[in-house]
Amino acid sequence: MTDVLILGAGLVGTTLATALGAHGLTSVVVDPADPQAILAPGHDGRASAVASASHRMLDAIGVGERLAGLGNPIRSIRVSDGLAPGKLDFVPEEADGALGTMYENKELRRALHAAATEARQVDLRMQRRAVAVDRTAAGVTATLDDGAVVTARLLVAAEGRRSPTREAAGINVARWQYDHVAMIATFHHERPHGSCAYEIFYPAGPFAILPLKDDEGGHRSALVWTVDARDAPGMLKLSDRAWLAEAEKRMGGFLGALGPVSPRSSYPLGFHHAARLTAERLVLVGDAGHGIHPIAGQGLNLGFRDVAALVQVLVEGKRLGLDPGDAELLKRYERWRGLDTLMVAGATDTLTRLFGVPGKAASAVRRFGISAVDAIAPLKARFMAEARGESGDLPKLLAGNLA
């Protein structure tokens, strides 16, 4: 019998398996995806900001060394309401280090998949799915589509927003759509980005420019461009040249000439939050438990915080001789993560609605608020702590220590 059965081998699921293995806990990870497809260069064109606290966890479990030289530090963040005067700059002291690191998702996926594959305590079963799962007070039994039977003490759903395990458990979910679409691409540009992340707010949503590592083609950034859902089809039909011309207008030309651009993709934006993160011998992590607007770039980091908290709860329970599926352990995880995920979700939803109010008066109020925060050092420090993922009751892994 394995300690944990993880359904889902995405970024959060493979991180969890690797982190558990680093603490001597065994896991079986099941995912229907073909590794050759999901690890192919063109599979996922997105990029993610890994907060400094999250990166300390990746370093502690041995993944950081696999990512060496692949990311670009985020040394500052600039926030503005359109291109109007008034801005908010987050620039940490040099001794405090970067706020985070930008990685292309394909690099994160390769590093985490390799780490999970090589971990002795991890049994990674790709191109497999669980066709039947039975959770009882005695344990978890799952039958896979190849006839194999896996028994475990705890089941973890890391299957993403449409988690079938969450649905089968009857866990209610609050959800809504924003009627917005995020267009995603990476692009080259004439001038260096200076390792600064830019968040420019327009009524249709944020226009985020995120610094990537330069390549042989020159300076690069990732773009997350939020548009009204009604405008998205037309925008995506534009030629690369026309699309980049529109992007250059929205950024005021400060990066110089743009292009070339990678293949563009898009996805609808929505919010969801599970009413609870646990059930009998079941835990939800990552997008299976919560999905937020990308306005603050915290979605993946919330999943990493789930991982760090769950690992600490299970490791400390093991030291006390407790079963990983013990109800009291799961309650501790629920208390630890439930409030944090709800607060972050609520904050991002409020920001999304606040910056989406049209009109000159609303824009003037936003610019006043941005300038006020820029002038109040303690408040700026609080926001920077949030960006680093260092607020609240931090699990040991997020401080860079094994639990």
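The second largest pocket of this predicted model has a volume of about 270 Å³, a volume being the space filled by probe spheres set on grid points that are joined across faces, edges and corners. A pocket here is an open set of points, on a 1 Å grid over the protein atoms alone, where a 1.4 Å probe fits, with protein on both sides within 12 Å along at least five of seven lines, and lining residues have an atom within 4 Å of a point. By that rule 16 residues line the second largest pocket, and G45, K106, T186, S262 and P263 lie nearest its centre. Strands β12 (173–189) and β16 (258–261) each supply at least two residues of this lining, with β12 giving the most, three residues; strands (E, at least two residues) and helices (H or I, at least four) are DSSP runs numbered from the N terminus. By class, the lining has five nonpolar, six polar and five charged residues, where Ala, Val, Leu, Ile, Met, Phe, Trp, Tyr, Cys and Pro count as nonpolar, Asp, Glu, Lys and Arg as charged, and the others, Gly among them, as polar.

The backbone deserves attention as well. Most residues other than glycine have a negative phi, and most peptide bonds are trans. The peptide bond from G259 to P260, however, is cis, with omega near 5°, and P260 lies in strand β16. Q127, in the loop between β8 (122–126) and β9 (130–136), has a positive phi near 55°.

Two helix pairs complete the picture. The axes of α3 (residues 52–60) and α8 (residues 299–319) come within 10 Å and cross at roughly 50°, axes being lines fitted to C-alpha atoms over the stretch in contact, and angles running from 0 to 180 degrees between N-to-C directions. The two helices are therefore oblique to each other, since angles under 35 degrees count as roughly parallel, over 145 as roughly antiparallel, 65 to 115 as roughly perpendicular and the rest as oblique. S54, M57 and L58 in α3 meet N301, F304, V307 and A308 in α8, contact meaning heavy atoms within 4.5 Å, and this contact has five nonpolar, two polar and no charged residues.

Helices α1 (residues 11–22) and α4 (residues 105–118) pack at about 35°, with their axes 9 Å apart. Here L11, T14, T15 and T18 in α1 meet N105, L108, R109, L112, A115 and A116 in α4, a contact with five nonpolar, four polar and one charged residues.

Residues are numbered from 1 along each chain as its sequence is written, and side-chain values use heavy atoms, with hydrogens and water left out. Local features need pLDDT of at least 70 and side-chain atom pairs count only at pLDDT 80 or more, whereas totals for chains, interfaces and linings use all residues.
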